[in-house]
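Load the model in your viewer and keep the sequence panel open. The stops below are meant to be selected in order.

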Amino acid sequence: MLPIFLLLAIVFLVIIIFTKYVIVIRQQECVIVERLGKFHTILNSGLNILIPFVDQSRQILWSRNGMITNVDRIDLREVVIDIPEQKVITKDNVGIIVDAIIYVQITDVKRAAYEIQSLPLAVAQLTQTTLRSLVGEMDLDHTLSSRDVINSRLKIVLDEATDKWGLKVNRVELKNVSPPPDVQMAMEKQMQAERERRANVLTAEGSKQSQILNAEGEKRSRIEHSEGEKQEKINQALGDKEATIARAIGQAQAIEDVAAAQAKSIELIKGAFGSPDVAANYLIAMEYLKRFGEMTHKNTDKVFIPYEATAVLSSLGAVGDIMGKVASNAGSNIPVRK
């Protein structure tokens, strides 16, 4: 029967071997196994058994629970590395404080363990030097307004540099870009002045627009007024024209009626006298007497009788004789009652 001390030693040794060489690996983790100091294999998730005292797990410096420490179980998920803040000089010689965070993921565990001694430290140093280089090419205003440009360029540089380390840089973000207090105060004053300038410009633009609208309204009103007056004059002219045309038509109709009446009277006179010449002399004499009567009705002491009036009067006498004869002939033709 074995002594109790030896039995305890065997039990303790079995426990140590079991806990050290029987490994249960979780999902998205892996373990690098070295056999007699040489890379042997990579253990993935599940139950794995190592050869005691021959196989050993390899530890590397990596992030666990947000802290950089030596681990033998390598996390294959995307992790965040916080880059310490540093002072960088811009192109216009302004010192600013810059820090960043990067999101990285191990894609090749073997290269991550054997190609670089301290992967997180190397990534942080490379990020800081690249930031100094990028910001040094820009002035302060460009740096503050071009975070996306800096992020994109920094990601490209880091991704190319860390590819041989089995690392992929998924995203880079600048956390803070802090200028010195005096520069920040000057920038605030500048922004205040810019806001006041914009307010004044907006006020001036509003006043200008209001004046333009008022002028346009007055112009439109004058145009409408002048158009109304023009249309009114046109309508008045059209009315006057229509009235003139109507009067002319009336006068023409009256002249036609007078001419028709005169023609009818001439026909009647000609039928009464039986001779066109006598009828013409009669009409001339009557018209002459009418005009002569108008001359004698004037308010004057003297009346001048034209020489031609004797001829007219003689014609009138001849007309009277003819009318007497006509009347006598008419009388002789009247039957006498016995």
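The model is predicted, so local features need pLDDT of at least 70 and side-chain atom pairs count only at pLDDT 80 or more, while totals for chains, interfaces and linings use all residues. Residues are numbered from 1 along each chain as its sequence is written, and side-chain values use heavy atoms, with hydrogens and water left out.

**Stop 1: the helix pair**

Select residues 119–136, helix H3, and residues 147–162, helix H5. Helices are DSSP runs of H or I with at least four residues, numbered from the N terminus. The two pack with their axes 10 Å apart and at an angle of about 140°. Each axis is a line fitted to C-alpha atoms over the stretch in contact, and the angle, on a scale from 0 to 180 degrees, is taken between N-to-C directions. H3 and H5 are therefore oblique to each other; angles under 35 degrees count as roughly parallel, over 145 as roughly antiparallel, 65 to 115 as roughly perpendicular, and the rest as oblique.

Now show the side chains where they meet, with contact taken as heavy atoms within 4.5 Å. On the H3 side, the residues include Val 123, Leu 126, Thr 127 and Leu 134. Their counterparts in H5 include Ile 150, Arg 153, Leu 154 and Val 157. By class, this contact has ten nonpolar, three polar and one charged residues.

**Stop 2: the salt bridges**

What is the count of salt bridges? It comes to eleven, a salt bridge being a side-chain nitrogen of Lys or Arg within 4 Å of a carboxyl oxygen of Asp or Glu.

Select Asp 75 and Arg 77, whose side chains form one at 2.9 Å, N to O. Asp 75 is buried, at 14% relative accessible area (buried is under 20%, exposed over 50%, partly exposed in between, with a 1.4 Å probe and protein chains only).

Next, select Arg 171 and Glu 173, where the closest N and O atoms of the salt bridge are 2.7 Å apart. Arg 171 is partly exposed at 47%, and Glu 173 is partly exposed at 24%.

**Stop 3: within helix H6**

Finish with residues 181–273, helix H6, and select Glu 194 and Arg 197, which lie three residues apart, about one turn of the helix. Their side chains meet in a salt bridge of 2.6 Å, N to O. Glu 194 is partly exposed at 25%, as is Arg 197 at 43%.

Technical notes: Ala, Val, Leu, Ile, Met, Phe, Trp, Tyr, Cys and Pro count as nonpolar, Asp, Glu, Lys and Arg as charged, and the others, Gly among them, as polar.
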